[in-house]
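Here are my notes on the model you asked me to look over. Have it open while you read, and jump around as you like.

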Amino acid sequence: MPEPVPAEKPAGEDAPPADGDSDVDWDESETTELTGLFVEKPPDNVVVITGSDAIFIARVDSTTLARKPTMKWLKGKWLDLGSKAGKHMQFKETYDRNTKIYTYEMKINKVVPGDAGGYRCEVTAKDKCDSSTFEISVEESKRDSDPTVCFNSHRDAGEDEGSLDFSALLKAAKKKRPEKEEPEIDVWELLKSAHPSEYEKIAFKYGITDLRGMLKRLKKMTAPEPKYSEAFLKKLDSCYSVDKGKKIVLTCEVVDPNIPVKWLKNGQEIKPSAKYIMEANGNKRTLTINRTTLADDAAYECVVGEDKSFTEVFVKEPPITITKLMDDYHVVVGERVEFEVEVSEEGAHVMWFFEDVELHKDKDSKFRFKKDGKKHTLIIQEATLDDIGMYHAWTNGGHTKGELEVEEKELEVLQDIADLTVKATDQAVFKCEVSDDKVTGKWFKDGKEVLPSDRIKMSHIGRFHRLVIDDVKPEDAGDYTFVPDGYALSLSAKLNFLEIKIDYVPRQEPPKIHLDTTGSMVSQNTIILVAGNKLRLDVEITGEPAPTVVWSKGDQPIADSEGRVRVESRKDLSSFVIEGAEREDEGNYTIVVTNPSGEDKAVLFVKIVDVPDPPQHVKCTSVGEDTAIIVWDPPKFDGGAPIKGYLMERKKKGSSRWTKLNFDVYESTTYEAKRMIEGVFYEMRVFAVNSIGLSQPSLNSKPFMPIAPTSEPTRLTVNDVTDSTCSLRWLAPDKIGAGGLDGYIIEYCKEGDTNWVVANKELCEKQGFMVRGLPVGEKINFRVMAVNIAGNSPPAIMSQPVTIREIVEHPKIRVPRDLRTKYIRKVGEKINLTIPFQGKPRPIATWFKDGQPIDPKMVNIRNSNVDSILFIRSAEREHSGKYELLLQIENMEDRATIEIRIVEKPGPPLKVRVTDVWSFNAALEWDPPKDNGNCDITGYTIQKSDLKTKEWFTVYEHNRRTNCTASDLIMGNEYRFRVYSENLCGLSEEPGLSKNTAVISGTFKQNSYKEMDLSCVPKFTQPLVDRTVVAGYSTAISCAVRGFPKPKIVWMKNKMIIGEDPKFLMQNNQGVLTLKIRKPSTFDGGKYTCLAVNELGRDEVECKLDVKGNGKDLPEVTRIYISAT
């Protein structure tokens, strides 16, 4: 948890915000004390006019922060306003790179009464945090003058709503109120306003004996005027919070159950519908909102006549999670990039960031954003080198990132132009293939650009570029070059024109084979042909008469004139053609020409070269935090050309997008892949490259995950030491990573030794361990290592060796707070008391009851190293008594006493009797029960029954005296009475029955009452108690007094009358006297005296109050109230 930043006082007052659009003005006379992270924060109290806008600004200095701070705006104690951003509430964040100050702004548009309340802005940054609270008050109407906002009286940010508020009392203290004489009480007015159940009590107090006549007179008197009350018994809560799509019920209570109410939303009346259901049940009025949406986030009112009750409903969006993570991209300049993610809900809001900068459609035209249901896509039409970096996608419940790497575009020649030898009127075709199908180019002949005509045609289809010359003429011979646009590259070939000479002089000439050693022939008899390409070998043959030509491969002659491998014959020319060369076409080819004059023979070797086979056995041998070592075997067949190197690609598991890891060929078969995300599964594949081209990809490697060992455990300390053991404690590593944490290894060695011994055979999963079997008196070094799938972490080592020796600790019993007073339980209940204690070595615990050792048959005792447990399965009355725990260590001991009382229901009252009967009344008396159930009798329940019906009716409940008067008895009936006694456990099982009956004859007996003299001198029944308090925290001292006439109370400090000092608040509540001191300082310490005076005498009590410096552990207000007896 972040540690709070210590508060620092500002050097001067903060300047008010310069935003002229706000309708909130700051009072310059008020200053806001700044704390560690805030350089400016909102004022404590703000008053805003209804319908106006309010802007609140907080600034944070980030010069000392390692990370970007996070700001939250809260209402009340828990309601996060970040999910309420919209038209009503807007949030803004800016950053000044020069001053390194973040500015956070909250704007409330058109303030409504529901915006009133307490707010808090909270900033956190890794291990630091700070917060500031402020109060917003909303006024109903605008003032005549310029609307400004002034401060209310200050309230400390940490002060609760229940703290003492002397703001109203300070004004009242200035006016001295004269004491008023109590007016004479009119009994009949008192009876008119009293409840009928109180009539008998009032009649007895003021000496009225004719109850029936009193009732008749009350009926004749005019009914009292109805008492005025407000429209609402209970108003709506200040705010409600509900998840989007859930139901919420707004409830209030009105005084009149029949009065109609109106419900308003943002000032507009709500009509009943399936979404809004309005109900009236007695005094309760409810508004139910079904299937809440963000449109239901508004201010609501319940209107009863002129009275209104306001509230505000906050609709929280559920957290949007990312179901499909973003892939990495490795592209070349100009390629299109699409970062795609999938979220859990349709229509969710996704924020895109490039590094730490948020991307917006209106600001960055090069970025496009696409939404398709749950899919969200960030599109870069043409990637540039400036786009290299990390891209992030954020939702309110998830985050993913992907890396974009952009390389310079390089053009690769897949098929070069071949030299041609053609005859007149034949067709010449130059063809080449490049790696980019979008590349255009130009054709040149002998340095001059070739222009298209009826005879010369140029075409560009995909990656292939062709130059076709029909009806070749001698002037077409020359060097032809293809130059791709935008690249320093050219492809050249030669066109040879074959002239045919006709000799009209018949003669005989032996046959001759004329082979062209240029072009595709790398030597006199070897031709290299790329697999898939076409070979057309035109061989000029001379001889008279025309020779016969035979082509053969090995011993098999080739006689086909059609097909993939064929021979085409013309006059003085034999063409050997292979369409789409394959590996099987490789071998020695023989051409034999014969005529009557002789024979000629030539042997050619056709070598077929191809792309290599894919590499084999791609696997990951080791991983790091963001790296992995990949190895593979070379391909079985190199394609007939040496392997130049390899290209590697990787992808995340489950993704279909592969990312290139290198553009230049990599010669080794071991590669270290870097810049991966820890905890994400990856797959690798490898391509082999030779002079012909790129092989097919290898099989995917098994998925692997980059992980790293954790950091070392923290705060390694010694918890306990004995003569042979040492107990260690530590905290988890600061950095665990995606590999998780499997457990810990604990090792130790003697001081000066390097041989570490493992203390635990199995991994320790807890953050504590006791090392046993250590030699007494030796100094031992300890270290702890964290273990996960990646291996062991660096060790956490104790700074100093530990001496193995028992530490003697005085025995101490720590009695729980609830056992320090009398412990009361009912008969039959289970008693299980745990008494913790401390002491070393292990103390001896012994229990006593009433000074005698405990009988183990009645009470079970279990002792451990740190506590003692007293257990009674079913409590009985004989288990009551004083239990004493004795804790001993050698000659040291400690004692603690616990008083246990087992109670049960009492017995019935004794000697229930009717002592007097008059008019319609009967007087009863009885004696307390013999068995009170081991606790005090709290009251009696009296019931009556006439002898005719013999049905029992309750006359009194919880009667505390042992006598009562049963009234309203019916003339002519004879009554019997019974009484139940009552204590903490309830009513007695059996009642006490009256020995005699009461016969109501209807005669009246006048009883005379002697007025009781209540006069007495003042007497303090509870004295003042010495107190010690902390400066700055409000406190109170109390006592209780009795006396008649009512005594006058005077408070004094150091024998000086306090008087009307506003720092003190004096209260008198039915004899309980309280003096409250608001935020005392050290000067408020001293002797305080309370003096009570009436005409019969006086009495006084005093106490001493000590005020100490500030403390963080004490509560803010301590109050003690002791009721008078």
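Predicted model: local features only at pLDDT ≥ 70, side-chain atom pairs only at ≥ 80, totals over all residues.

1. Four strands make up an open sheet, and its order is S29-S31-S35-S34, with antiparallel pairing. At the edges sit S29 (413-415) and S34 (456-461), each of which pairs on one side only. From one strand to the next, the twist averages 20 degrees.

2. S34 and S35 (residues 464-469) run antiparallel and are joined by six bridges. Which residue of S35 is the bridge partner of Ile 461? Phe 464 is the one.

3. The loop between S34 and S35 is worth a stop, as Arg 463 sits there. Arg 463 makes a salt bridge with Glu 433, and their closest N and O atoms are 3.3 Å apart. Glu 433 belongs to strand S31 (residues 428-434), so this is a link between distant parts of the chain, 30 residues apart.

4. Arg 675 lies in the loop between strand S51 (670-673) and strand S52 (682-690), and Glu 405 is in strand S28 (residues 398-407), so the pair ties together parts that are 270 residues apart in sequence.

5. Another pair to check is Arg 913 with Asp 927, whose side chains meet in a salt bridge at 3.9 Å, N to O. Arg 913 is in strand S71 (residues 910-918) and Asp 927 in strand S72 (residues 921-927), 14 residues apart. With a relative accessible area of 28%, Arg 913 is partly exposed; Asp 927 is partly exposed too, at 25%.

6. There is also a network of salt bridges to click through. Its members are Lys 534, Arg 536, Asp 538, Arg 566, Glu 568 and Glu 579.

7. Next, Thr 659, which is found in strand S50 (residues 659-660). Why does Thr 659 count as buried? Because its relative accessibility is 5%, and the cut-off for buried is under 20%. Its side chain reaches the backbone oxygen of Asp 328 at 2.6 Å.

8. Ile 528 is a residue of strand S39 (residues 526-530). The C-alpha atoms of Ile 528 and Lys 607 are separated by 4.7 Å, although the two residues are 79 apart along the chain. Ile 528 counts as partly exposed, given a relative accessibility of 34%.

9. Last, the surface. Which residues form a nonpolar patch there? Met 1012, Leu 1014 and Phe 1044 do, and together they have about 350 Å² of accessible area. Of these, Phe 1044 has its place in strand S82 (residues 1035-1044). A relative accessibility of 43% is why Phe 1044 counts as partly exposed.

How values were computed: Residues numbered from 1 in each chain as written. Heavy atoms only, no water. Pairing = 2+ DSSP bridges. Helix = DSSP H or I, 4+ residues; strand = E, 2+ residues; numbered from the N terminus. Axes fitted to C-alpha atoms, helices over the stretch in contact; angles between N-to-C directions. Patch = residues over 30% accessible without salt bridge, like charges linked within 9 Å, V, L, I, M, F, W, Y side chains within 5 Å. Areas by Shrake-Rupley, 256 points an atom, 1.4 Å probe, with all protein chains shown as cover. Salt bridge = Lys/Arg side-chain N within 4 Å of Asp/Glu carboxyl O. Buried < 20%, exposed > 50% of the residue type's maximum accessible area, 1.4 Å probe, protein only. Polar contact = N/O pair within 3.5 Å; in protein donor to acceptor, adjacent residues only side chain to side chain.
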